[in-house]
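Dear colleague,

I am handing over the structure below, together with notes on what was found in it. Please read the notes with the model open beside them.

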Amino acid sequence: MKYFSEQDNALVTELEFDDFVQAFQFMTHVAGLAEDHQHHPEWKNVYNKVSIRLTTHDAGNQITDQDRQLAEAIESSEAIQSLGARVL
C-alpha cells in the first residue's frame, strides 16, 4: 500500500492510529529507520495522528533517492501494518 504522495517537492503522509501509544510506537520505529538511512523526516504528532514530510534540504528541498528509500522503508515496515496505520 502507498502511504506517501508527492506534494510541494516533498513526500508526505498523514497517518492515524487508534491512540497516542500506537502513534508513538510507530514514531519510535521510524526513528530507527531514519537513523539506518541517515535521513531524518520532518514530522509532528498530535495525539493519535502522525504527519511525515520527506525532502532533502541539501538538494534545495527537492525529493531525492534518499527520500524515496526512506518512504519505501516506512511503507514496507512491519510497524506500519501491525499498528494499523490509516492514511488521512
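Of the 88 residues in the protein, 42% are buried, where buried means under 20% relative accessible area, exposed over 50% and partly exposed in between, with a 1.4 Å probe and protein chains only. Please keep in mind that this is a predicted model, in which local features need pLDDT of at least 70 and side-chain atom pairs count only at pLDDT 80 or more, while totals for chains, interfaces and linings use all residues. Residues are numbered from 1 along each chain as its sequence is written, and side-chain values use heavy atoms, with hydrogens and water left out.

As for the fold, the protein has 3 helices and 5 strands, arranged along the sequence as β-β-α-β-β-α-α-β; helices (H or I, at least four residues) and strands (E, at least two) are DSSP runs, numbered from the N terminus. The radius of gyration is 12 Å, which agrees with the value near 12 Å that a compact globule of 88 residues would have, the radius being taken over C-alpha atoms and the globule rule being 2.2 Å times the number of residues to the power 0.38. Along the principal axes, the C-alpha trace spans about 35 × 25 × 20 Å. Among the contacts (heavy atoms within 4.5 Å) with a separation of 6 or more, 68% are between residues 24 or more positions apart.

F4 itself lies in the segment before β1 (5-6) and counts as buried because its relative accessibility is 11%. Leaving aside neighbours within four places in sequence, F4 is in contact with L11, V12, T13, I52, L54, A71, I74 and E75. The C-alpha atoms of F4 and L15, which are 11 residues apart along the chain, are separated by 9.8 Å.

In α2, the buried residues are D67, L70, A71, A73, I74 and E75, and the buried residues of this helix pack against β2, α1, β4 and α3.

With kind regards
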